[in-house]
Every structure is written in C-alpha cells, then in structure tokens.
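This briefing goes through one protein model by topic. Please have the sequence and the 3D view open while you read.

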Amino acid sequence: MAEKFDNLEEHLEKFVENIRQMGIIVSDFQPSSQTGLNQKLNYMITGLQDIEKCRQQLHETNVPLEAFEYIDQGRNPQLYTKECLERALAKNEQVKGKIDTMTKFKSLLISELGKVFPEEMTKYKAIHGDDPPS
C-alpha cells in the first residue's frame, strides 16, 4: 500500500514542479518560449492523467475529515495523527487506572468477604479457581 502512496507523491511532486516551471515561463513570456510552454502544457496533461491513475488505485483509502480541516487551517496533517495518538494514550492511561482500581477493589472485597463469610468465599474460590489478586 505504501508503494501506491509513494507513487502518487512522486507524480504530485513532478506535477507541482511542472506547474512552477510553467509559471516562470508565463510570467516572463516571450514569443520564443511558446514551444517550451506548449511542452509544459502537455506535461501538465500527462501529469494529470498519471495522478488520475493513482487516484483509481487508492479509491478505497479513507481520510478523516479532521485531517482536511488541519490542511485548511494551514497546519501539518501529521499533527492530526500525533494528536490522535496523544488522545488515545491519555484515554488508555485513564482506562488502565480504572482497571487497576477495580482490581484492587475486587481483591479487597474478596479479602473482606472472606473474613465475614469464610465458607461462602471458599466455595466461590473453588468455583472460580483463582486466588484473589494482590
């Protein structure tokens, strides 16, 4: 899959460079530059066709709308990925804290229930086949 993206990136870079060169020719146009301009126009058409071929290979690629919002705001779309990972890590830490708390609670509950209801807790441990976690 990365090959397809690399291929698209290569075609886009060539296309942008061709447009830049065409802009230079047009900004200082001389009648003698007409053939060069025609050649650049043909390269532009070929470049668009190459980009279209790449687009067809990547038609099933989904990009989150938020990434486009980053681009519209002039921000690097890789920041979107970084911020998503940071949010996921923060949520992971939060959930891990809850799991640790519940594990400690279960251990304490089993311990305290074992003091009050020793026979029932012995049966419970036999059914579940585990000692309370520490």
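The largest pocket is lined by Phe 5, Leu 8, Glu 9, Leu 12, Thr 61, Asn 62, Val 63, Phe 68 and Ile 71. Helix 1 (2–27) and helix 3 (65–72) are the elements that each give two or more residues to this lining. The model is a predicted one.

**The largest pocket**

- The volume of the largest pocket is about 280 Å³.
- Helix 1 gives the most to the lining of this pocket, with 4 residues.
- Sorted by class, the lining has 6 nonpolar, 2 polar and 1 charged residues.

**The largest nonpolar core**

- In soluble globular proteins, nonpolar side chains tend to be buried together.
- Here, the largest nonpolar core has 5 residues in all: Leu 8, Phe 15, Ile 51, Cys 54 and Leu 58.
- The elements that give two or more residues to this core are helix 1 and helix 2 (34–57).
- Leu 8 belongs to this core and also lines the largest pocket.

**Contacts of Cys 54**

- Which residues does Cys 54 contact, leaving aside its neighbours within four places in sequence?
- Cys 54 is then in contact with Asn 7, Leu 8 and His 11.

**Domains**

- The protein is divided into two parts, with domain 1 covering 1–61 and domain 2 covering 65–133.
- The C-alpha centres of domain 1 and domain 2 are 50 Å apart.
- Thr 61, one of the residues lining the largest pocket, is at the end of the range given for domain 1.

Terms used:
Residues are numbered from 1 along each chain as its sequence is written. This is a predicted model: local features need pLDDT of at least 70, side-chain atom pairs count only at pLDDT 80 or more; totals for chains, interfaces and linings use all residues. Side-chain values use heavy atoms; hydrogens and water are left out. On a 1 Å grid over the protein atoms alone, a cavity is a set of points where a 1.4 Å probe fits but cannot get out, and a pocket is an open set with protein on both sides within 12 Å along at least five of seven lines; lining residues have an atom within 4 Å of a point. Grid points are joined across faces, edges and corners, and a volume is the space filled by probe spheres set on the points. Ala, Val, Leu, Ile, Met, Phe, Trp, Tyr, Cys and Pro count as nonpolar, Asp, Glu, Lys and Arg as charged, and the others, Gly among them, as polar. Domain bounds come from an automatic or database domain assignment. A nonpolar core is a set of buried Ala, Val, Leu, Ile, Met, Phe, Trp, Tyr and Cys residues joined through side-chain atoms within 4.5 Å. Buried means under 20% relative accessible area, exposed over 50%, partly exposed in between (1.4 Å probe, protein chains only). Contact means heavy atoms within 4.5 Å.
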